[in-house]
Amino acid sequence: MPPITEIADLKRLYKRRVPKMFYDYAETGSWTQQTFHENTSDFSLIRLRQRIARDMAGRSTAAQMVGQDVSMPVALAPVGLTGMQAADGEIKAARAAERFGVPFTLSTMSICSIEDVAAHTQKPFWFQVYTLKDDEFMKRLFARAKDAKCSALVITVDLQIMGQRHKDIKNGLSAPPKLTAASIANLATKVPWGLEMLGTKRRFFGNIVGHAAGVTDPGSLSSWTAEAFDPSLNWDRIKEFRSWWDGPVILKGILDEEDAKQALNVGADAIVVSNHGGRQLDGALSSIRMLPRIMDAVGDKIEVHLDSGIRSGQDVLKALALGAKGTMIGRAFVYGLGARGQQGVTEALQVIHKELDTSMALCGERNVADLGRHNLLLPKGFEDEWV
Ligand SMILES: Cc1cc2nc3c(=O)[nH]c(=O)nc-3n(C[C@H](O)[C@H](O)[C@H](O)COP(=O)(O)O)c2cc1C
């Protein structure tokens with residue numbers, strides 16, 4: 001097999017290996033997918049300033065995210081159903097992340113449970129919660145994450161109502177996959193994936209089935225999910241969730257400077273500028289384009305991270321140079337996981353690290369903390385074309 005040199009190599013292998021239903025689930029945005037596409041195309045509008053003869057020996061990508069040491073400021077984002085992209089997927093991704101020295105974030109909607117991931121890893125991981133109605137279930141989730149020694153809580157605040165992704169409806173997305181004529185025909189072409197899945201017991205939502213009231217089997221899960229999200233979410237409720245966790249809290253899904261200012265009032269330690277990878281409000285601007293105005297509003301008051309659209313180490317560099325202290329990757333690691341399991345996630349991280357390190361050097365910087373606007377050339381209007 002040719003060597004993996006870029007994230008696109010992993011994506012090609014991933015598409016071949018994983019059933020269409022789960023490939024489509026990851027590789028989609030909501031409605032017209034404008035925001036999903038612009039998340040990546042906006043990164044390529046930004047250019048880098050080449051500098052030379054600045055002694056590039058002894059470079060380091062090491063940094064801190066919410067006070068924790070990281071080998072590069074790139075965390076694995078929470079991704080639901082990761083255990084359907086590869087058997088035991090959350091455990092594999094968490095292991096790759098801990099060996100690489102970057103945070104892994106476990107989604108509430110994971111296949112492997114919090115306890116399961118904790119039992120198969122050495123270092124603490126981050127846990128992500130949605131803002132659900134059921135207090136009892138939420139408090140139990142927080143307690144389970146605490147017992148599992150999770151080192152930060154990520155509260156996702158941009159999904160009180162779910163965006164529509166056409167392909168998931170058309171494919172009848174479910175875990176495990178529902179057997180229809182079309183899905184059986186497709187599964188027949190994915191034998192290695194199927195054999196791997198038959199070899200694991202982890203095929204349902206591990207944090208929910210058996211834990212949420214009334215959800216005792218996968219069949220009762222879909223009605224629970226429809227009811228569980230809280231359309232009446234407000235800042236008081238976010239503040240309440242914050243008060244239930246005594247460690248670092250990261251609010252994920254801020255895309256507007258006014259919301260970023262509100263986030264200061266709830267006692268969060270960091271925010272993630274994110275549009276959920278283009279999966280929620282189609283027509284919203286890309287995260288990277290919104291970053292400068294959010295930095296202007298709150299950048300000196302709270303740690304700012306960014307996700308949505310990162311497919312390379314150069315994208316990470318651009319986000320850091322615009323002021324982010326950290327980044328998250330979603331699909332970039334999912335491609336690796338689906339393509340080649342734990343090894344594939346490691347390869348995704350290696351690719352991104354190498355691109356970040358080399359680009360930093362060619363921009364004349366030795367440390368990620370020194371990156372700044374001086375490393376970039378932005379097209380006129382990048383920050384204020386849309387008002
Ligand atoms: C397949 C998929 C599932 C996701 N599930 C979750 C989730 O359970 N919780 C969450 O907070 N974000 C979820 N996200 C959003 C990611 O955490 C992240 O914001 C997004 O993937 C970043 O964009 P990128 O994929 O372009 O890197 C999901 C994203 C994808 C692609």
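This is a predicted model: local features need pLDDT of at least 70, side-chain atom pairs count only at pLDDT 80 or more; totals for chains, interfaces and linings use all residues.

Let me begin with the aromatic rings. A pair of such rings is described by the distance of the centres and the angle of the planes. The structure holds ten aromatic pairs. One of them is formed by Y14 and Y335, with 5.7 Å from centre to centre and 40° between the planes, a tilted arrangement. Y14 belongs to helix 1, residues 7–17, and Y335 to helix 16, residues 331–362, so this pair ties together parts that lie 321 residues apart in sequence. Are these two tyrosines buried or exposed? Y14 has a relative accessibility of 0% and counts as buried; Y335, with a relative accessible area of 2%, is buried as well.

A further pair is that of F137 and W224. Their ring centres are 5.2 Å apart and their planes stand at 75°, so the pair is edge-to-face; the cut-off for that class is over 60 degrees. This pair, too, links distant parts of the chain: F137 sits in helix 7, residues 135–147, and W224 in helix 11, residues 221–228, which places them 87 residues apart. F137 is buried at 3% relative accessible area, and W224 is buried at 11%.

There is also an aromatic cluster, made up of F142, F241, W244 and W245. Over the face of W245 lies K146, at 4.2 Å from the ring centre. Elsewhere, the charged end of R289 is placed over the ring of F382, 4.9 Å from its centre.

I turn now to strand 7, residues 152–156. Why may this strand be called largely enclosed by the rest of the structure? Five of its five residues are buried, which is the reason for that description. In a regular strand the side chains alternate between the two faces of the sheet. Here A152, V154 and T156 point one way, L153 and I155 point the other way, and all are buried.

Which strands pair with strand 7? Strand 6, residues 126–130, runs parallel to strand 7 and is joined to it by five bridges; among the bridge partners are V129 and I155. The chain passes from strand 6 through helix 7 to strand 7, and this β-α-β crossover is right-handed. Strand 8, residues 249–254, is also parallel to strand 7, with four bridges between them; here V154 has I250 as its bridge partner.

Terms used:
Residues are numbered from 1 along each chain as its sequence is written. Side-chain values use heavy atoms; hydrogens and water are left out. Rings of Phe, Tyr and Trp (its six-membered ring) pair if their centres lie within 6.5 Å; planes under 30 degrees apart count as stacked, over 60 as edge-to-face and the rest as tilted. Helices (H or I, at least four residues) and strands (E, at least two) are DSSP runs, numbered from the N terminus. Buried means under 20% relative accessible area, exposed over 50%, partly exposed in between (1.4 Å probe, protein chains only). A charge sits over a ring if NZ of Lys or CZ of Arg is within 6 Å of the ring centre and within 35 degrees of the ring normal. Two strands pair if DSSP finds at least two bridges between them. A crossover is right-handed if, with the strands pointing away from the viewer, the path from the first strand over the helix to the second runs clockwise.
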